[in-house]
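Hi,

Here is the structure I promised to pass on to you.

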Amino acid sequence: MNDIHGDVNNWRWQKAAIQDTSSRTMTQPINIADSDSGRSAQSMLPALLLGMAPFLANFDVTAVAIALPTVARELGFDVAGYAWVMDAYSLAFTACLLFAGALADRYGRRRAMLVGNGIFALASLACGMAWDGPTLLVARALQGIGAAFIVTGGFALIASVYVQARARTDAFALLGVMSGLAMAFGPTVGGLVSSWIGWRWIFLINLPACAMVAWGVPRLVAEAREAVPRRLDILGVVLFTSALTALVEALLHGRTSTSHLVAGLALSAVFLAVFGIQQGSRADPILDPGIFVQRAMIGIAILLCAVSIGYWAILIYLPLFFAAAFDWSSEVAGIALLTATLPMLFLPPLGGRLVDRLGWRLYFALALAILAAGNATIVIALLSDGSAPPLIPTFCGTVAIGVGVALAHPQLSGAAVSLVPPDLAGLASAVTVVMRQAGFAVGIAALGAVLHNQGSAISYIWLFSAAAMASAAGLVAALVLLPAPAAASKK
């Protein structure tokens, strides 16, 4: 799972501001969030505890990815099972994001976070003790459910604890750093843990962090909830999740059966159509199809999917590729993945300055061009020698992939909010959350569908080619659908 810190923050606060900030009431935290007490309001200890939410959510994607080849060998997974270890988590996370916030508003944000933390801890223990594939997949889905609740509850609590603007900015900056560290160093830590003490400990090391959250949050953070909570939409969540699950299943298993592929795609389309009709009939939709009549929002949706396929899904398969091409262990592969993850720590500030100079259209075109070039470079390296591609071009490709996503990814939520009318800002931010996570799940499945032999390096040429084409589609979408700089500046 990719960085969700900016997405969830924008979604919840943009939507609250649009509906009517004056009517939004909550139980104020004790002492810590008192705006008259500068010292207590500036304390970052609650933010550090609440920041475990994005850290755990991102760590359990990047660290697990590096250990998947070992997990697959031990539990007997094929490529489809390999993909489902990630997609079970991602699909459950995406589905629960759609109503976890509503439950948190209704019953309390702290309660929601602590319940999610408990689910995540138990699921992590179950993952570490899994004895076969189905057991691990169920535990991963439960992890996704828990992660959705700790993320939505945690970010909402940050906003209620830190009522002063400066303190809130510092708190969210700390969360961003923690999230970035999990993404950048998760593969390295995962590789080292997997090689030294076994892959199960990647899940078990979550338990001390969960225990810290369970002990500290009730002592440092007061409960907060909405005076008029949003209505739950369980049917909408079920329909949307069913559509995604059918699509992922069709892509992963359809390569062996055309009828399976067609039936799965048709079933997914039916679920999605019913979901669209159901959402259009609600006064407060969780994902309003009307948002996609906005030209810019269509472009952002395509960009989100392109980035999910061109980078995030590729990141899951890079350890397998390194093993097939260079016979690297998970420990070495985890260190090698720093070339693709470290740019996420250093380049986002540069991206903010480039947006001001170039505008959204040229900026995203540049980022997606770099992403496409990175994937294409690895394809060229494989064409030169499919059994053992040259190391330097391969690493140049992974660096370019990391640079492209480091420029594009952090700015997508801001673009979604700024390129649509103000009354759609909250909904647009919600769309970025869902599209990003859904694109990640579908991207893993789509790339797995074109990977026919995970032990052969040349087979990955189709995987990187698909990622390059998806990135190129994002480039075209940016040039065609996003407004020119003059138009963007008027927003």
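**What I found**

Helix H8 (residues 165–196) gives the patch its largest share, 5 residues. (Buried means under 20% relative accessible area, exposed means over 50%, and partly exposed is in between, with a 1.4 Å probe and protein chains only.)

Before you go further, note that this is a predicted model: local features need pLDDT of at least 70 and side-chain atom pairs count only at pLDDT 80 or more, while totals for chains, interfaces and linings use all residues. Residues are numbered from 1 along each chain as its sequence is written, and side-chain values use heavy atoms, with hydrogens and water left out.

Now the overall picture. The chain has 22 helices and 0 strands; these are DSSP runs numbered from the N terminus, where a helix is H or I with at least four residues and a strand is E with at least two. Of the 491 residues, 58% are buried. Among contacts (heavy atoms within 4.5 Å) with a separation of 6 or more, 85% are between residues 24 or more positions apart.

Helix H7 (residues 133–161) is worth a click. Its 29 residues reach 41 Å from first C-alpha to last, close to the 42 Å expected at 1.5 Å a residue; the expected span is 1.5 Å times one less than the number of residues. Since 23 of those 29 residues are buried, H7 is largely enclosed by the rest of the structure.

How many salt bridges are there? The count comes to 3, taking a salt bridge as a side-chain nitrogen of Lys or Arg within 4 Å of a carboxyl oxygen of Asp or Glu.

- Asp60 and Arg140 pair up at 3.8 Å, N to O. This links distant parts of the chain, with Asp60 in helix H4 and Arg140 in helix H7, 80 residues apart. Both residues are buried.
- Arg200 pairs with Glu74, their closest N and O atoms being 3.3 Å apart. Arg200 is in helix H9 (residues 200–204) and Glu74 in helix H4, 126 residues apart. Arg200 is partly exposed at 24%, and Glu74 is partly exposed at 47%.
- Arg282 and Asp233 meet at 3.3 Å, N to O. Arg282 is in the loop between helices H12 (258–280) and H13 (295–326) and Asp233 in the loop between H10 (206–220) and H11 (234–253), so the pair ties together parts 49 residues apart in sequence. Both Arg282 and Asp233 are buried.

Back to Asp60 for a moment. Its relative accessibility is 0%, and its side chain also makes a polar contact with the side chain of Gln143 at 2.6 Å. (A polar contact is a pair of N or O atoms within 3.5 Å; within protein, one must be able to donate a hydrogen and the other to accept it, and residues adjacent in sequence count only if both atoms are side-chain atoms.)

Cheers
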